[in-house]
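Please open the structure in your viewer and keep the sequence beside it.

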Amino acid sequence: WYMRTWAGVDPQTGAPTWYVNGVDGEVTSNYNAAERAYQGASALPTYSGGFGTRISYKGFFAEADVYFAGGHKIYEQYAQFYMSTNSFSLNSYNGAAELMDRWQNPGDITDIPRLNYAGSDNFQATNSRHLYDGDFMRLKNLTVGYNLPSSFVNSIGIDGLILTLRGTNIATWVKDDGLLLDPEVRANGYTYLTTPPVETYTLGVNLKF
């Protein structure tokens, strides 16, 4: 990732600032006056993996599948639509609730610049303010079930009865609380406004005759 490096909001003016040299020191509110710099990671995870397990005890059983990835960064591409501080997000698109935490008075400490309906401060433009740690872990599948004892199922005229409850995409943990969209992105590292993996639950009944 190479882009301008975010330096925060000027507490006196409410303007966004970036580091002039792309690293540290002098800051500027002129987006074009700031140099691009390497942001310390790429879009590709440096590690990824998964594991699964199954346990059973006296007819009860449980299965779980987890996968994870990390060591990379994800860019919130759609910040350009809902994090603009002018009419682009305030009127044309649905601005994010974060805009409510904007700078309003001298001395305010916030990471959202002042709003200016007719202005253009480039807060939404490509910069490290919208770059997040991509580390995440997802509980992909979790199944619990019970295999009823043969003494019971035979008494009702069947050979077997298994009850299961399966959940899919039950939980996702992310390292960076600022990453609000789904962390499982394409190889280019950009988030997309696509439907994330849907959380579903399925009740199953397996009969054997």
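Begin by selecting strand 3 (residues 16-19) together with strand 4: they pair in the antiparallel sense over two bridges. Two strands count as paired if DSSP finds at least two bridges between them. Strands themselves are DSSP runs (E, at least two residues), and helices are runs of H or I with at least four residues, each kind numbered from the N terminus. Within this pairing, W18 stands opposite T28 in strand 4.

Before the next selection, two remarks on the source are needed. This is a predicted model, in which local features need pLDDT of at least 70 and side-chain atom pairs count only at pLDDT 80 or more, while totals for chains, interfaces and linings use all residues. Residues are numbered from 1 along each chain as its sequence is written, and side-chain values use heavy atoms, with hydrogens and water left out.

The order 2-3-4 describes an open sheet of three strands with antiparallel pairing. Strand 2 (6-9) and strand 4 (27-28) are at the edges with a single partner strand each, so one side of each has no neighbour in the sheet. In general, strands of a sheet pair through backbone hydrogen bonds, either parallel or antiparallel.

**Aromatic rings**

Now display the aromatic side chains. How many aromatic pairs does the structure hold? There are 14. Rings of Phe, Tyr and Trp (its six-membered ring) pair if their centres lie within 6.5 Å; planes under 30 degrees apart count as stacked, over 60 as edge-to-face and the rest as tilted.

Select W6 and F123: their ring centres are 5.4 Å apart and their planes meet at 55°, so this pair is tilted. Because W6 belongs to strand 2 and F123 to the loop between helix 2 and strand 9, the pair ties together parts that are 117 residues apart in sequence. Are these two residues buried or exposed? W6 is buried, with a relative accessible area of 15%, and F123 is buried as well, at 0%. Here buried means under 20% relative accessible area, exposed over 50%, and partly exposed in between (1.4 Å probe, protein chains only).

Residue N122 is the next selection; it lies in the loop between helix 2 (87-92) and strand 9 (131-133). Its phi is near 65°, a positive value in a residue other than glycine. N122 counts as partly exposed, at 24% relative accessibility.

Move to L90, which lies in helix 2 and is partly exposed, with a relative accessible area of 39%. The C-alpha atoms of L90 and Y117 are separated by 7.3 Å, although the two residues are 27 apart along the chain.

In strand 10, M137 is the bridge partner of F68, and F136 stands opposite A69.

Select Y67, which lies in strand 7, and F136, which lies in strand 10. Y67 is partly exposed at 21% relative accessibility, whereas F136 is buried, with a relative accessible area of 9%.

Continue to strand 11, which pairs with strand 10 in the antiparallel sense over eleven bridges. T164 in strand 11 is the bridge partner of G145. Strand 11 (residues 160-174) also contains N169. The phi of N169 is near 55°, a positive value in a residue other than glycine, and N169 is buried, with a relative accessible area of 10%.

**The last stop**

Finally, select the residues that line the largest pocket, among them L181, D182, R186, Y190 and P196. The lining divides into six nonpolar, three polar and three charged residues.

Conventions:
1 Å grid on protein atoms, 1.4 Å probe; cavity = no way out; pocket = protein on both sides within 12 Å on 5 of 7 lines; lining within 4 Å. Nonpolar A, V, L, I, M, F, W, Y, C, P; charged D, E, K, R; others polar.
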